[in-house]
Amino acid sequence: MIKITLPDGSVREYAAGSTAMDVAKSISEGLAKKVLAAKINGEVWDATRPIENDSTLKLLTWDDDDGKSTFWHSSAHLMAEAVQSVFPHAKFWVGPPIDKGFYYDMDLGDTKMSEEDLLVLEKKMNEFAKQNNPYTRKAMPKAEAVKYFTDKGDEYKLDLLTNLNDGEISFYTQGSFTDLCRGPHIPSTGAIKAIKLNSIAGAYWKGDEKNKQLTRVYGVTFPNQKELDEYLLMLEEAKKRDHRKLGKELGIFTMDDDVGQGLPLWLPNGTIIIEELEKLAKETESAGGYKRVVTPHIAKESMYLTSGHLPYYADSMFPPMEMDGTKYYLKAMNCPHHHKIFDTGQKSYKDLPYRLAEYGTCYRYEQSGELFGLMRVRCLHMNDAHIYCTKEQFGDEFRAVNEMYLKYFKIFGVEKYVMRLSLHDPEKLGQKYINEPELWLETEDLVRRVLIESGIPFVEVKGEGAFYGPKIDVQIWSAIGREFTLATNQVDFAQGRRFKLSYTNLNNEPEVPLIIHRAPLGTHERFIGFLLEHYAGKFPTWLAPLQVSILPISDKYLDYANTILKSLKNADIRAEIDDRNEKIGKKIRDTEMMKVPYMLVVGEKEMNEGKVSIRRQGKGDLGARPLGDFLAELTSEIKDRRSE
Ligand SMILES: [Zn+2]
Ligand SMILES: [Zn+2]
């Protein structure tokens, strides 16, 4: 018999070789029907895989992230089965789950897959899903696996095998499709009830432009039709709100081939948004006791060797430039520069917490296939700051960082958010995690307590912390329910030591400070990309590049329009006159297209009465008001950064 410990702490006994599915069935048949996989001793396993030893067990369903990933990865296998039936010569590379769905990269030889093929494949997938074929696992010695794929002439799977050792190799079969895979998978295909293949793309093998281009098919599946319908509706809305489309229409940013891929040029309208965001950050950080700094965009190799970014992070950095026999790197993060600033002059406990902030420009080498609008770029402006503090100060500092997040969420109308707290794994101390068992537990506990006290929804993930401390990923949802990873906060026990940073403590001894890395507004690139979707381009007045458009009915009222413009400009409001020789109806339509929050229509009546006729974006005609009243309300709306 083996002992199985469930998440509530209860222990049950089962025959050795029982599966998670057996455990589920012993609890209830209804639950068993929903089980997709299981977490056994912290590792995600097939629900049908025999358990031989005492273990902890958590059943995974569609409601768990790991359940969804398993479902989507299994769907990738199902799609491969369909592809194999339509394109028998196809060779398969990898088919991982992604944030929403899955993809599979494959080599179709000279065949080109079309959009129509996707419909055929969907149909096949539905057919195979209904067969409710089990996903069966078979362990295989390496030699046998190599022979299998050599006979098949599959250079891709042979390549995957080179990195695997005997004892690590497993095959999974469902229906007529067999794949080399470490798993896990769902019990059988019948759980996949709704299928949508989204798109076909090219993807270089291993993400390397020098390699052959493979065909990548993206898809998503659900356990019921209703969720697929909702998803498709959201997708349609997301298309309308696509940040690349809106960014172009509204003159926010552009990309130019001569500048380079992933290097956005911020246009005047985008720059206004950037400056408003920085103003908000500066105000907030100044109130929070941060000091601002400015640091160079490059640094010598030696600094990144000290920080440990080299050689480990070299793949994500631009290659070095050499000058006078010294290598310089474009900075991929601001931390080392800030540490150097902390290190100027002896610090005592009285100087702590020491908070350094900078909207730092960083450069990261992202594979060209990974670049995506503003979401994945090679040059980014980060709302960065580093807080150097004592262990005793850590709780309060972390709490203040959280409060800053909540303040921002409120301003931007972010209603749904979750913090993912990634913890260390005690068994891997000294290898994957810096060997500071007490500090880990202490800070993790503080972070957890602060999150609970602040009422911030959070999930804990064991074994995903950074090497040098717990990590908090902040996920937010846009107004149409799409999820974005906004920023990552980190607690850092290691960098202080690597940079030999110290302060004199109360007992007059040198001590290494704790460092908090935080970036609540993420990067301008990703955050403005998010805001474009979130607001559908209809920015609240305080952020809108053009806040007021004055529309004279004819040239006769231009002088009056200019008087209004002057008053608005004096009040620091971004305004323009539409003096084109167009009908007022067209002026209104065009201004609406540009999503300007306010339009002031002026004609004979308004001029004679010293009034303006106000039209509000999304609300229509608000009637005529004295200019002074409008100005007073507008100024307070902007000052308070109100959304309406
Ligand atoms: Zn698999
Ligand atoms: Zn940092």
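Visitor: In which strand does histidine 517 lie?
Guide: Histidine 517 lies in strand S29, residues 514–518. The name follows from the definition: strands (E, at least two residues) and helices (H or I, at least four residues) are DSSP runs, numbered from the N terminus.

Visitor: What kind of model is this, and what limits apply?
Guide: It is a predicted model, in which local features need pLDDT of at least 70 and side-chain atom pairs count only at pLDDT 80 or more, while totals for chains, interfaces and linings use all residues; side-chain values use heavy atoms, with hydrogens and water left out. Residues are numbered from 1 along each chain as its sequence is written, and chains are lettered from A and ligands numbered from 1 in the order in which they are written.

Visitor: What makes histidine 517 a buried residue?
Guide: Buried means under 20% relative accessible area, exposed over 50%, and partly exposed in between (1.4 Å probe, protein chains only). Histidine 517 has 7% relative accessibility, so it counts as buried.

Visitor: Which residues is histidine 517 in contact with?
Guide: A contact requires heavy atoms within 4.5 Å. Leaving aside neighbours within four places in sequence, histidine 517 is in contact with Cys335, Ala385, His386, Tyr468, Thr488, Asn489, Gln490 and Asp492.

Visitor: Why is the pairing of histidine 517 and aspartate 492 called a polar contact?
Guide: The term covers a pair of N or O atoms within 3.5 Å; within protein, one must be able to donate a hydrogen and the other to accept it, and residues adjacent in sequence count only if both atoms are side-chain atoms. The side chains of histidine 517 and aspartate 492 are joined at 2.8 Å, so the pair falls within the 3.5 Å limit.

Visitor: Which residue caps the N-terminal end of H6?
Guide: Aspartate 154 does: one of its side-chain oxygens lies 3.0 Å from the backbone nitrogen of tyrosine 156. The buried residues of helix H6 (residues 155–162) are Tyr156, Lys157, Asp159 and Leu161. The elements they pack against include helix H5 (142–152) and strand S13 (213–222).

Visitor: Is arginine 641 buried or exposed?
Guide: Arginine 641 has a relative accessible area of 11%, so it is buried. Its phi is also near 50°, a positive value in a residue other than glycine, and the residue is found in the segment after helix H20 (627–639).

Visitor: Where are cis peptide bonds found?
Guide: One joins leucine 310 and proline 311, with omega about 0°, and proline 311 is in helix H11 (residues 309–312). Another joins leucine 352 and proline 353, with omega about -5°; proline 353 lies in the loop between strand S20 (347–348) and strand S21 (354–363).

Visitor: Why does leucine 429 count as buried?
Guide: Its relative accessibility is 18%, and therefore leucine 429 counts as buried. Leucine 429 sits in the loop between strand S23 (417–422) and helix H14 (437–454).

Visitor: How many helices and strands does the chain have?
Guide: The chain has 20 helices and 34 strands. Of its 644 residues, 50% count as buried.
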